[in-house]
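Biologist: Can you walk me through charges and aromatic rings in this one? Keep it short, please.

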Amino acid sequence: MKGIVFNLLQEVVCKEYGEDTWDQLLDDAGLDGAYTSLGSYADAEVVALVNAASAALNLPAQDILRWFGRRAMPLLAERYPGFFQRHQDARSFILTLNSIIHPEVEKLYPGAATPVFDFSNDEQDRLVVGYKSARKMCALAEGFMTGAADHYHEQTEIDHPVCMHHGDEKCVFHVRFHK
Amino acid sequence: MVTRSVSSMSDSTNDPAAAPPDAEIARLTRRLKRETAARKEAEAIAERGLRDLFRRQQEIVLLESIAVAANEAAEVEAAMHHALGAVCRYAHWPLGHLLLAGETPGEALVSTQVWHDDSDGNYTVLRELTESIQFGAEIGLPGRVLSSCAPAWANVGAHDEAHYPRFPEAQRAGLCSLFAFPVMIGSEVVGVLEFFSPELQSPDEALLRLMGQVGTHLGRVVERQRAKARLMHDALHDPLTQLGNRKLFLNRLQHFMQRAQRVSNYQFAVLFVDLDRFKAVNDGLGHQAGDELIVSTAQRLTNCLRGTDLISRGRTESGDEDDVVARLGGDEFTILIDNIHNPQVPIRVAERLLAVLAEPFELEHQQVFITASIGIALSSSGYEDVQDILRDADIAMYHAKQHGRARWMMFDQDMQEKALRRLQLEAALRVALDANDLTVSYQPIVTPDDGQIRGFEALVRWHHPEHGQISPAEFIPVAEEIGLISEIGLRVLRQACACLCRWQHEFGCTDLTMSVNVSAVQLSEGDLVEQVERVLQESGIAHGTLKLELTESSVMADPDHSLKVFHQLKALGVQLSLDDFGTGYSSLSHLRRLPIDTLKIDRSFVSKMDHQEDKRQIAEVVVMLARTLGLDVVAEGAETAAEVSALQEMGSDFVQGYYYYKPLSEEAACKALKAQSGC
């Protein structure tokens, strides 16, 4: 997992719950917590942090990831405004996730295993988003999509009928946007 | 859902701001913040560096890939197609399109069907729309690039959206930005590459520079292809007329011939066109005028064929018109007439060509009249080799020339045999001249009243070691054509004069004459008078005893020149005789002006004149005419006593023929003189 994800998580947690909470999560997960955006760290570390938060809050790990994804979006927009300015709405932004994630991640960390999104339209106004990743962090992806909608001042309705956590090969989201 | 989870998380943690930091904590906190800020800045610097590096690498990959494709692509379109794909991959654009500049500057761009399309048909409507639009200057984004010669982009919602006719459809397909850049050669836009993006674009300097480099690479491909096309064109075209050359003509001919072998009832014709008297124009008016004449001829031939619906109909190739007319070199043109249904078609074309060439040409500020001879060969003769049909058209052209020029002739097998014999004759004649196989015979010319020999006509004879005697009627025209006549003429003249001189001395007959034939070619060439003068001096014959015989037609070919030469010859004391009189179309007024001494009645009037009244009457008229003009008359070809007595009766001064003597060898002639004991 990329260092940037740990940095974002730290920022989100510190911003909302203070730095002690972050320290506590690191202690609970048994991690030293020195993350740089240039580095790459074991997937197990992010899993341990999410699990620590899940245990502390007595909430499913999926909810933690969704919350994190949504809250991370404004921080990303601050760091990389260019990706957001090119689009007029969340749908257009989401359609280019692959082209943002892949080169941006690969340029920093050659050989990174990145998630793959696919898109299609099945009904009018409903975007079908496929997600495939060895990390199975579909909830994080869902959080990112909600966060993107927030950025463009839109609301989303997201269904998640097919999920890797239920043994499916990939996750499928049905997304509707409302202004 | 997310809001709920955040609030529950908030409940379970302490608020860090609640604990009041003492001074030490505050200092450490500040230090920590400094360190964190320094780390983030360092990370940002490193990320920027890495991002730049990555971008450079991508640029290099892109340019390399385009350069490789540019060098390897056989066709411009292939290189362009590769470039569209490479740029799309580089910039993550899903759709790219090629437009090419029109043939002439200022023309609208040609919206090609060359695309790079990553979608599964989502852009079909947009593509069809694009291909239907003529992008002239300022129309759409390509039009803007065409006018400005610079990259350009436009986003949906831009203030000048109205200028982009494809925006509504692009937007429907999920695209909201267009980017385009020119492919340039120097300052000329030869193509435009345009791309569509689902993201709003505002290209930075680096991208514009990169696309500029791509455009330059692609420009070189176009330039190289143009150079190649030019080379190909030059290799197959005549630089003076821009007509196809021999190579192109033979290529096309080969193609036609294969079709003729494959498709039954398919026929074509080859026309071989050669200007008559082109050399005269070249020599008389200069090479510049000669070149102008060739160019004008090429234009007339081309225009004439272009206006001929017979030519264009049924042609399956959509090639240039110039592949029909070719210039083989010099003043030789060839024309290929495709898909003819009967031999009348090439004949009609040939007649039309003769007519357009007969119109006067304006060269060096004067009107010049030129004719052409055309040979026609038809594919229906079942040729297998392109050289054969071309050769036969050439032979037919040669026959057209032989039959008086300014006409067409269709090839037939007889011509081929004649042509072959002629070629053999040519070679043999050169050998004969070297081997001194040409001899001179002397046919006595007598006065019919007393049968006394008054002179001789020197006749050249060729005894071929294999073929035996070859008639002068056959080999003299060959000698004329291959430029040997002057040498043969001089040899005969020299030999005949040497003989005459010996006889004049031996028999004391200083008025014994020698008639020597002069061909039309000798007359028109410059050195006849000098030759005669030299031979007269060398031989030492009595003054006024050499007679030169010229045919009516050779004199009349250029009467003014003939007159000039005649006066010079007369000044040397040479007598002049008009040969074959009555067979041509002499003008009597010209005849009166010519300083000639003798008229020869052609053997065709003499033969059987005692039976055929009309012949006799013509001969009588000739004799009367000679009397009126104060000329002597020699009748040739007298074979019977009846003919001789008729000639005697009408008052022919001299008679020559088998009745008296056949042509004799030098020794036999000498004996004959001796036998009549004096002159």
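Modeller: Terms first: buried means under 20% relative accessible area, exposed means over 50%, and partly exposed is in between (1.4 Å probe, protein chains only). This is a predicted model, where local features need pLDDT of at least 70, side-chain atom pairs count only at pLDDT 80 or more, and totals for chains, interfaces and linings use all residues. Residues are numbered from 1 along each chain as its sequence is written, chains are lettered from A and ligands numbered from 1 in the order in which they are written, and side-chain values use heavy atoms, with hydrogens and water left out.

Biologist: Is B:Glu47 buried or exposed?

Modeller: B:Glu47 counts as buried, because its relative accessibility is 5%.

Biologist: Which residue forms a salt bridge with B:Glu47?

Modeller: B:Arg51 does, and the closest N and O atoms are 3.2 Å apart. A salt bridge here is a side-chain nitrogen of Lys or Arg within 4 Å of a carboxyl oxygen of Asp or Glu.

Biologist: Where do B:Glu47 and B:Arg51 lie?

Modeller: Both are in helix α2 (residues 23–72) of chain B. They sit four residues apart, about one turn of the helix. Helices (H or I, at least four residues) and strands (E, at least two) are DSSP runs, numbered from the N terminus.

Biologist: How many salt bridges over all chains?

Modeller: The search of the whole structure finds 44.

Biologist: What about B:Lys401 and B:Asp276?

Modeller: Their side chains meet in a salt bridge, 2.6 Å from N to O. That pair links distant parts of the chain, 125 residues apart. B:Lys401 is in helix α13 (residues 386–402) of chain B, while B:Asp276 is in the loop between β6 (269–275) and α9 (278–285) of chain B.

Biologist: Why does B:Asp276 count as buried?

Modeller: Because its relative accessibility is 2%. B:Lys401 is partly exposed, with a relative accessible area of 21%.

Biologist: And which helix holds B:Glu426 and B:Arg422?

Modeller: Helix α14 (residues 413–434) of chain B holds both, four residues apart. B:Glu426 counts as buried at 17% relative accessibility, and B:Arg422 counts as buried at 14%. Elsewhere, salt bridges that share partners join B:Glu457, B:Glu549, B:Lys600, B:Arg603 and B:Glu636 into one network.

Biologist: Switching to rings. How many aromatic pairs over all chains?

Modeller: There are 22. B:Phe179 and B:Phe181 form a tilted one, 6.2 Å centre to centre with 45° between the planes. For the terms, rings of Phe, Tyr and Trp (its six-membered ring) pair if their centres lie within 6.5 Å; planes under 30 degrees apart count as stacked, over 60 as edge-to-face and the rest as tilted. Both B:Phe179 and B:Phe181 are buried.

Biologist: What about B:Phe181 and B:Phe195?

Modeller: That pair is stacked: 6.1 Å centre to centre, 15° between the planes. B:Phe181 lies in strand β4 (residues 177–185) of chain B and B:Phe195 in strand β5 (residues 188–197) of chain B, so the pair ties together parts that are 14 residues apart in sequence. B:Phe195 is buried, with a relative accessible area of 1%.

Biologist: Which residues form one aromatic cluster?

Modeller: B:Trp93, B:Phe179, B:Phe181 and B:Phe195 do.
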